[in-house]
Every structure is written in C-alpha cells, then in structure tokens.
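The following exercises concern a predicted model. Please work through each task before reading its solution.

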Amino acid sequence: GLTRLSFQPYSFKQLQQIITSRLNKVKAFEEDALQLVSRKVAALSGDARRCLDICRRATEICGHSAADTSSTGLVGMSHVMDALNEMFSSAYITAIKCVSVQEQLFLRAIIAEFRRLGLEEATFQQ
C-alpha cells in the first residue's frame with residue numbers, strides 16, 4: 001500500500017554485529033576486512049542488505065583467488081576492496097574506461113562540441 005516505514009541507517013557497529021551474527025562464529029573474514037565493510041556501508045547508506053551483498057561478493061572473490069594461488073583462505077582487505085569497487089562503480093564509467101583510443105577521442109570530441117555550443121545535444125554531423 002501507500003504506508004511506508006522509514007528506518008534509520010545502521011551505524012558501523014550495528015552492521016559489524018549483523019555480519020558477525022550471520023557468520024555464526026565461523027572465522028571467514030579478517031577483522032580489518034569486516035570493519036572496512038561495515039564502516040564503508042555505514043558512511044554511504046547504512047543498509048544491512050548492501051553490507052551483506054558486499055560480504056557475499058568478497059567471499060566469491062576470495063574463493064576464486066584461493067583456487068589460483070595459495071592463501072590463508074580468509075576474506076581479506078584486497079577481496080573486500082575488489083567487491084566494494086564492483087558494487088560502487090557505475091557500468092557507464094567501467095565501459096568508458098575500457099574503450100579504445102579512437103572511441104575515447106570521439107567521446108572527447110562530443111564533449112567539446114557540447115561545451116562549445118552550450119547545448120545538451122548535437123547532431124552527428126556537428
């Protein structure tokens with residue numbers, strides 16, 4: 001219906017407690033990695049679901065890297081940073097970073113034309 005409940009965002013200590021309760025006393029994360037996830041999400045949104053999604057993705061990244069090299073098996077800071085970068089980066093920005101040099105030049109020309117004309121659109125001929 002039209003009734004909404006607004007919840008206050010969780011603090012980093014609350015998020016850290018939620019994660020550790022979900023882990024159920026299994027030592028899967030380094031302490032610093034847990035703290036990084038909870039602090040980052042608390043600063044941005046305070047959403048527990050986002051925090052758990054990041055932890056899930058970090059464990060997937062750790063699992064893939066453990067198959068490639070010998071490591072401690074714990075989810076570390078590098079795994080969490082990779083997961084955070086995936087979750088908070090835009091698909092558009094990632095696509096632009098991966099284009100060729102010619103495509104970058106074309107995009108720069110379009111931006112220069114927009115700035116020169118002061119318009120938000122231009123024809124392909126321009």
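**Exercise 1. Cysteines**

Solution. Step one is the criterion: two cysteine sulfur atoms must lie within 2.5 Å to be a disulfide. Step two is the distance: for C51, the nearest cysteine sulfur is that of C55, 4.9 Å away. C55 likewise has the sulfur of C51 as its nearest, at 4.9 Å.

Is C51 buried or exposed?

Solution. A residue counts as buried when its relative accessible area is under 20%. C51 has 1% relative accessibility and so counts as buried. With a relative accessible area of 6%, C55 is buried as well.

**Exercise 2. Backbone angles in a loop**

Solution. N24 is not a glycine, yet its phi is positive, at about 60 degrees. K25, also a residue other than glycine, has a positive phi near 65 degrees. Next comes location: N24 lies in the loop between α1 (12-23) and α2 (31-44), and K25 lies in the loop between α1 and α2. Finally, consider accessibility. N24 is exposed, with a relative accessible area of 61%, and K25 counts as exposed at 83%.

**Exercise 3. Salt bridges**

Which residues are linked with R57 in a network of salt bridges?

Solution. Side chains of opposite charge can pair when their charged atoms come close. The structure holds five salt bridges, and the steps below take up some of them.

1. Start at E60, which meets R56 in a salt bridge with an N to O distance of 3.0 Å. These two residues are four apart in helix α3 (residues 48-68), so about one helical turn separates them.
2. E60 also forms a salt bridge with R57, with 3.0 Å between the closest N and O atoms. E60 and R57 are three residues apart in helix α3, about one turn of the helix.
3. R57 forms a further salt bridge with E86, whose closest N and O atoms are 2.6 Å apart. Because E86 lies in helix α4 (residues 77-88) and R57 in helix α3, this pair ties together parts that are 29 residues apart in sequence.
4. Joining these steps, R56, R57, E60 and E86 are linked in a network of salt bridges.

How accessible are these residues? E60 is partly exposed at 32% relative accessible area, R56 is partly exposed at 44%, and E86 is partly exposed at 41%.

How values were computed: Residues are numbered from 1 along each chain as its sequence is written. This is a predicted model: local features need pLDDT of at least 70, side-chain atom pairs count only at pLDDT 80 or more; totals for chains, interfaces and linings use all residues. Side-chain values use heavy atoms; hydrogens and water are left out. Buried means under 20% relative accessible area, exposed over 50%, partly exposed in between (1.4 Å probe, protein chains only). A salt bridge is a side-chain nitrogen of Lys or Arg within 4 Å of a carboxyl oxygen of Asp or Glu.
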